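Please look through the sequence and the model below before reading my comments. I have set them out as numbered points, so that each can be checked on its own.

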Amino acid sequence: HQDPAYLAQLVGAAGITTMHFVPSMLQIFLHAADLAQCGPLRRVLCSGEALPHALQQQFHARLPAVELHNLYGPTEAAVDVTAWHCQPGAYAGIVPIGRPVANTRLYILHRHLQPLPGGVAGELYIGGVQVAHGYLNKPDLTAERFIADPFNADSGARMYKTGDLGRWLADGNIEYLGRNDFPVKLRGFRIELGEIEARLLQQDPLRELAVLAQDGTNGQQLVAYLVPTDPALLA
C-alpha cells in the first residue's frame, strides 16, 4: 500500500475510482507513480495530516480530471467530521477543512469556552452523536477531553476538546491552523507555532515545514526548517 507504482497499476487494472491518502503519501504518489495508468480514478480523499496548499495545486496540475477532498477529524469523533471539495482557485494559499458533516457540530472557542467570531483563531471542539464516550480505563483524561456541551439543549450532550486550532472563514468553512499543544513564550509573548507553520505553508514553493524555538546569540528565536517543492530553490 506504500508502493506508488503498484497502486497506479492497480487503479488501471481493477478500475479503482476512489482512493484515500494521508497527504505525505499523496505527495509521493504524485511524483513517483505513472499517473497515465490512473484513467479510472475519479476522486481522492485526504485526511490524517494537514493538506498543504502547494500539494493541492500539484494534484490539480497532474490529475486535472480527478476530484480532491480534504477531510478532518480525530478518532475520538469517529474520525472525519468535516469535508471540503478542493477548488484550486477558491482560496489564496490555504486549503480549508470545510464544514461539519451531518449530525456534527463544530465550535471554535476561546479558552473560557466562548464562541469566537469569524477570522479569530481558537480551539476546535466537536459535538454530535459520533463523539466517543471517553478513553478506556482513563477517567482523568476522559474528564479533561470530553466535557459537557453548553450549546446543546440535551442535558447529556458532550463535546470533545480536540487540541487543534482553527478559525471560521467568511463563507462558513473552517481553516485548520495546527495544534495548540506546543505554545512557546518569546519575549513575553505566547506564540502558537502551529499558526506560524500554517501561514508559511501558504507559500506554494514549500512542501513541508517545521517551526521551532531555539536559543540563538541574542536569546531565544524562531527558526523554520523547510522542504521546498523544487530542490533547485535551495541552490
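The points below go through the basis of the model, its helices, its strands and some single residues.

1. This is a predicted model, in which local features need pLDDT of at least 70 and side-chain atom pairs count only at pLDDT 80 or more, while totals for chains, interfaces and linings use all residues. Residues are numbered from 1 along each chain as its sequence is written, and side-chain values use heavy atoms, with hydrogens and water left out.

2. The axes of helix H1 (residues 4-14) and helix H2 (residues 23-32) come within 9 Å and cross at roughly 75°, which makes H1 roughly perpendicular to H2. Helices here are DSSP runs of H or I of at least four residues, strands are runs of E of at least two, and both are numbered from the N terminus. Axes are lines fitted to C-alpha atoms, for helices over the stretch in contact, and angles run from 0 to 180 degrees between N-to-C directions; those under 35 degrees count as roughly parallel, over 145 as roughly antiparallel, 65 to 115 as roughly perpendicular and the rest as oblique.

3. At this crossing, Pro 4, Leu 7 and Ala 8 of H1 meet Met 25, Ile 28, Phe 29 and Ala 32 of H2, contact meaning heavy atoms within 4.5 Å. The residues of the contact divide into seven nonpolar, no polar and no charged; for this count Ala, Val, Leu, Ile, Met, Phe, Trp, Tyr, Cys and Pro are nonpolar, Asp, Glu, Lys and Arg are charged, and the others, Gly among them, are polar.

4. Five strands form an open sheet of mixed pairing in the order S1-S2-S3-S4-S5, where two strands pair if DSSP finds at least two bridges between them. Strand S1 (18-21) and strand S5 (99-100) stand at the edges with a single partner strand each, so one side of each is left without a neighbour in the sheet.

5. S1 and S2 pair in the parallel sense over four bridges, with Thr 18 standing opposite Arg 43 in S2. Strand S2 (residues 43-46) in turn pairs with strand S3 (residues 67-72), again in the parallel sense and over four bridges, and in S3 the bridge partner of Arg 43 is Glu 67. H2 packs on the sheet, touching S1, S2 and S3, and its direction makes about 120° with that of S1. Helix H3 (residues 53-62) also packs on the sheet, touching S2, S3 and strand S4 (82-85), and its direction makes about 155° with that of S3.

6. Gln 27 deserves a separate look. This residue is found in helix H2 and is buried, with a relative accessible area of 9%. Its side chain makes a polar contact with the side chain of Gln 58 (3.0 Å), such a contact being a pair of N or O atoms within 3.5 Å, of which, within protein, one must be able to donate a hydrogen and the other to accept it, and residues adjacent in sequence count only if both atoms are side-chain atoms. Leaving aside neighbours within four places in sequence, Gln 27 is in contact with Leu 55, Gln 58 and Arg 207.

7. His 53 lies in helix H3 and counts as buried at 6% relative accessibility. The side chain of His 53 reaches the backbone nitrogen of Gly 93 at 3.5 Å.

8. Six of the seven residues of strand S7 (residues 122-128) are buried, so S7 is largely enclosed by the rest of the structure. Six bridges join strand S6 (residues 104-109) to S7 in an antiparallel arrangement, and S7 pairs with S9 in the antiparallel sense over five bridges.

9. Val 79, in the loop between S3 and S4, has a positive phi of about 75° although it is not a glycine. Leu 113, found in the loop between S6 and S7, has a positive phi of about 65° and is likewise not a glycine.

Terms used: Buried < 20%, exposed > 50% of the residue type's maximum accessible area, 1.4 Å probe, protein only.
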